[in-house]
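Have a look at the model first, then read on.

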Amino acid sequence: MSGDTDYAPPRVTRSMLQRSLPGGVRGESIQGDLEEEFARKVEAGGSERAAREWYRRQARRIIIRYSMVRWLARWSAPLRRLSALLVTIATDMRWATRAAVASKGVSGAIVLMLALGIGANTAAFSVVNTVLLRSLPFLNPERVVQVWDEFAGSSGEPMPVSWPNFLDYRENTDTLENLAALVPAVIYTGGGTPLRGVASLYASGSLFSMLRTGPVAGRLLEPTDDGVLEDPPALVSYTYWQNELGGAADIVGATLSLQRMTFGPSQNRFVSV
Amino acid sequence: MGRRADLGEFEQLVLLAVLRLEESAYAPDIAGLLEKRAGREMSRGTLYAALDRLESRGFLRWDIETSSSGRAGRRKRRFVVTDRGTRALAMHRSVLLDLWEGIEHRLVESER
């Protein structure tokens with residue numbers, strides 16, 4: 001034996017082996033054994049290169065072995081618990097199936113009640129989600145407020161704002177950045193019988209610039225559109241565009257006949273979606 | 001019945017090697033003996049797995065020895081077969097001898 005430092009096993013492999021071995025004498029002795037055998041091989045006349053290859057091969061196997069031991073030590077208990085849980089669930093399912101088959105009437109009633117309960121909850125949550133939880137689809141929705149009028153002597157019921165009042169408010173406000181007016185309406189479309197009612201809004205031209213939203217195609221209403229009575233511009237929603245107008249690619253600039261009014265592209269105006 | 005120690009063939013070989021090596025039953029020497037006398041080339045991962053398994057089942061124990069050269073000062077473990085390990089080996093030997101009794105002539109015939 002020439003000494004401890006004459007023959008050096010591969011440094012990287014040795015380091016990896018050291019990290020993967022258990023602590024204490026057990027790991028220390030395994031590393032020492034491997035280095036001793038490595039030295040013996042070189043001293044026995046073998047090439048150092050062959051001895052290093054032997055060391056790498058043995059170290060790999062040991063690393064795999066002790067990595068698996070560590071993995072099993074870490075996960076065997078959770079896996080056992082999971083396995084026990086799955087067995088319990090399977091047993092419960094079998095028991096429930098047998099009980100359900102044995103009393104079909106009660107089972108049917110339970111299923112019906114569950115279906116009604118789940119349906120009612122789903123409907124309620126859909127409303128809560130839409131009204132309370134889901135953010136409105138435009139920029140800074142928390143900055144948008146609704147303004148109503150309240151007449152003196154009324155019981156506090158909110159009243160719609162008249163157009164002149166709206167113009168005054170917009171002119172004189174120093175607390176709101178911008179104001180837009182909108183009136184819900186049902187517009188009847190097409191010329192056939194019966195006419196189809198579509199939920200709509202009459203809106204002032206400032207509405208969309210205030211909401212800071214953009215069109216899929218064409219343009220939105222603009223303040224200069226206010227008061228245009230001849231071929232006024234109209235916007236259709238994406239859903240209406242897809243479902244009622246067939247998603248037509250040439251919708252921008254097309255003419256729509258709505259409630260005996262024609263919305264269209266005269267004077268270079270566009271229908272936007 | 002009642003004559004089982006559940007020792008695999010490789011485990012028996014390891015225990016026998018440790019018994020034969022006595023005071024020098026270190027892992028490299030165990031591997032060397034098995035390669036030389038049993039013709040068993042094995043990875044050290046396999047050997048240490050068997051040693052750990054035999055130790056956990058009470059068939060082996062080890063003592064700490066001071067380092068020798070070529071180990072960069074690392075301590076070494078000298079393995080010793082416990083009484084339980086010796087009994088397990090004896091049981092396996094007894095079973096094998098019992099099964100061989102009366103059919104040894106088949107060995108002679110097969111060598112012809």
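**Salt bridges and helix packing**

Over all chains, the count comes to 25 salt bridges, a salt bridge being a side-chain nitrogen of Lys or Arg within 4 Å of a carboxyl oxygen of Asp or Glu. This is a predicted model, so local features need pLDDT of at least 70 and side-chain atom pairs count only at pLDDT 80 or more, while totals for chains, interfaces and linings use all residues. Residues are numbered from 1 along each chain as its sequence is written, chains are lettered from A and ligands numbered from 1 in the order in which they are written, and side-chain values use heavy atoms, leaving out hydrogens and water.

**Within chain A**

- Helix 1 (residues 11-20) and helix 2 (residues 24-43) of chain A have axes that come within 10 Å and cross at roughly 155°; helices here are DSSP runs of H or I, at least four residues, numbered from the N terminus.
- Axes are lines fitted to C-alpha atoms over the stretch in contact, with angles running from 0 to 180 degrees between N-to-C directions.
- That makes helix 1 and helix 2 of chain A roughly antiparallel (angles over 145 degrees).
- On the helix 1 side, A:R14, A:L17 and A:Q18 meet A:Q31, A:L34 and A:E35 of helix 2 in chain A, where contact means heavy atoms within 4.5 Å.
- Those contact residues split into two nonpolar, two polar and two charged (Asp, Glu, Lys and Arg count as charged; Ala, Val, Leu, Ile, Met, Phe, Trp, Tyr, Cys and Pro as nonpolar; the others, Gly among them, as polar).
- A:E35 also forms a salt bridge with A:R14, with the closest N and O atoms 3.6 Å apart.
- A:E35 sits in helix 2 of chain A and A:R14 in helix 1 of chain A, so the pair ties together parts 21 residues apart in sequence.

**Between chains A and B**

- The contact takes 21 residues from chain A and 24 residues from chain B.
- About 2200 Å² is buried between chain A and chain B, with carbon and sulfur atoms giving 46% (the accessible area, 1.4 Å probe, that two parts lose on being put together, summed over both).
- A:V25, A:R26 and A:E28 supply 25% of the area that chain A buries against chain B, more than any other three residues.
- There are 10 salt bridges across this A–B interface.
- A:E35 turns up again, meeting B:R74 in a salt bridge (2.9 Å, N to O).

Note on methods
Helices (H or I, at least four residues) and strands (E, at least two) are DSSP runs, numbered from the N terminus. Angles under 35 degrees count as roughly parallel, over 145 as roughly antiparallel, 65 to 115 as roughly perpendicular and the rest as oblique.
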